[in-house]
Amino acid sequence: MLTGLIVGCRPNSQQDTDAPRTFTPVDVPAEYRQPQARAAYLALHYWDRFDFSDTAFVGSAAPITERALTDYFEAVFPHVPYDVAAASIRNLLDRAVTNRAMYAFFTSKMEQYLFNPASPMRNDEYFIPTLQHMLATDSLDRFRKARPQAMLAEVSKNRPGTPAADIHYTTETGTTGSLYTLKTDFVLIFFHNLDCGNCRELAAAIDASPVIREMTRRGRLTILSIYPDMAADMWRQHLTQFPASWTHGYDPNLEIANRHTYSLRLLPALYLVDHDRHVVMKDAALPYIEQYFAALLSPPTIMQPRANK
């Protein structure tokens with residue numbers, strides 16, 4: 001006689017909760033061989049194996065998630081067009097937003113790595129899709145949207161491809177000038193502070209750069225050194241720290257600070273603008289600017305078809 005019926009087996013919930021978490025990104029199919037194609041595939045599928053419902057990934061296993069996020073940045077962003085990267089970020093946040101803790105984790109880490117001026121990965125352009133997502137979602141009330149709205153206004157200034165805000169400056173001799181009256185094909189704007197070790201180091205690296213020297217020798221580049229403050233006497237005392245061949249100026253009316261024309265969260269900062277004074281690079285690292293100029297100075301050779309004999 002059957003006296004009992006097993007209708008189910010109850011799992012050990014404590015063991016499941018404490019089980020170690022792992023995350024392995026999706027495998028890229030073998031037919032995607034080129035780096036750009038592999039990155040485009042990862043942009044769409046990197047997070048396919050991630051369990052966005054498991055809050056342990058933003059709790060005890062948060063280091064795993066944070067490492068996965070930084071690996072994602074490095075695997076995708078340098079190798080795909082901006083619109084593909086932006087769509088990938090929105091897709092990630094669309095998945096995370098279903099869990100409040102998960103969404104808070106990912107948006108805070110996006111800020112830490114892409115917006116924090118001390119982050120080597122900082123990039124306002126990649127942070128913009130995160131801010132736009134935060135403003136569009138129904139999961140945040142209007143009070144929680146106030147901060148991302150303010151940050152979006154800040155990072156939207158002087159975006160690459162847009163006209164740079166003009167800079168009005170006064171030189172050591174008392175003459176005045178502006179960014180838009182300079183005549184060279186490019187202007188490298190070097191925002192700096194006084195008695196700033198990092199500023200002196202960057203200035204020395206710029207001055208020693210062979211490609212930048214060649215661009216200035218050819219008359220194609222002006223280096224505009226701007227002290228965004230009005231302490232003229234102190235500024236003059238520090239001018240000997242920078243190359244005399246540069247154009248040096250300070251902001252006597254605090255126009256940059258008062259009108260918030262440039263987002264200068266950390267100094268020094270480099271902006272590159274072209275002949276039309278459109279922004280080419282914003283708050284860029286010197287090696288990227290050198291690569292850009294190197295490509296201009298030594299463009300790839302275009303193979304011409306051989307004539308038939």
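This is a predicted model: local features need pLDDT of at least 70, side-chain atom pairs count only at pLDDT 80 or more; totals for chains, interfaces and linings use all residues.
Residues are numbered from 1 along each chain as its sequence is written, and side-chain values use heavy atoms, with hydrogens and water left out.

Start with strand β4, residues 221-227. Helices (H or I, at least four residues) and strands (E, at least two) are DSSP runs, numbered from the N terminus. In β4, 7 of 7 residues are buried, meaning under 20% relative accessible area with a 1.4 Å probe, protein chains only. Leu221, Ile223, Ser225 and Tyr227 point one way, and Thr222, Leu224 and Ile226 the other. In a regular strand the side chains alternate between the two faces of the sheet.

Which strands pair with β4? Pairing takes at least two DSSP bridges. Strand β3, residues 186-191, runs parallel to β4 and is joined to it by 6 bridges; there, Ile189 stands opposite Leu224. Strand β5, residues 247-250, is also parallel to β4, over 4 bridges, and His248 is the bridge partner of Ser225.

Now the rings. Phe186 and Phe293 form an edge-to-face pair, 5.7 Å centre to centre with 75° between the planes; rings of Phe, Tyr and Trp (its six-membered ring) pair if their centres lie within 6.5 Å, and planes over 60 degrees apart count as edge-to-face. Phe186 lies in β3 and Phe293 in helix α12, so the pair ties together parts 107 residues apart in sequence. Both Phe186 and Phe293 are buried.

Technical notes:
Buried means under 20% relative accessible area, exposed over 50%, partly exposed in between (1.4 Å probe, protein chains only). Rings of Phe, Tyr and Trp (its six-membered ring) pair if their centres lie within 6.5 Å; planes under 30 degrees apart count as stacked, over 60 as edge-to-face and the rest as tilted.
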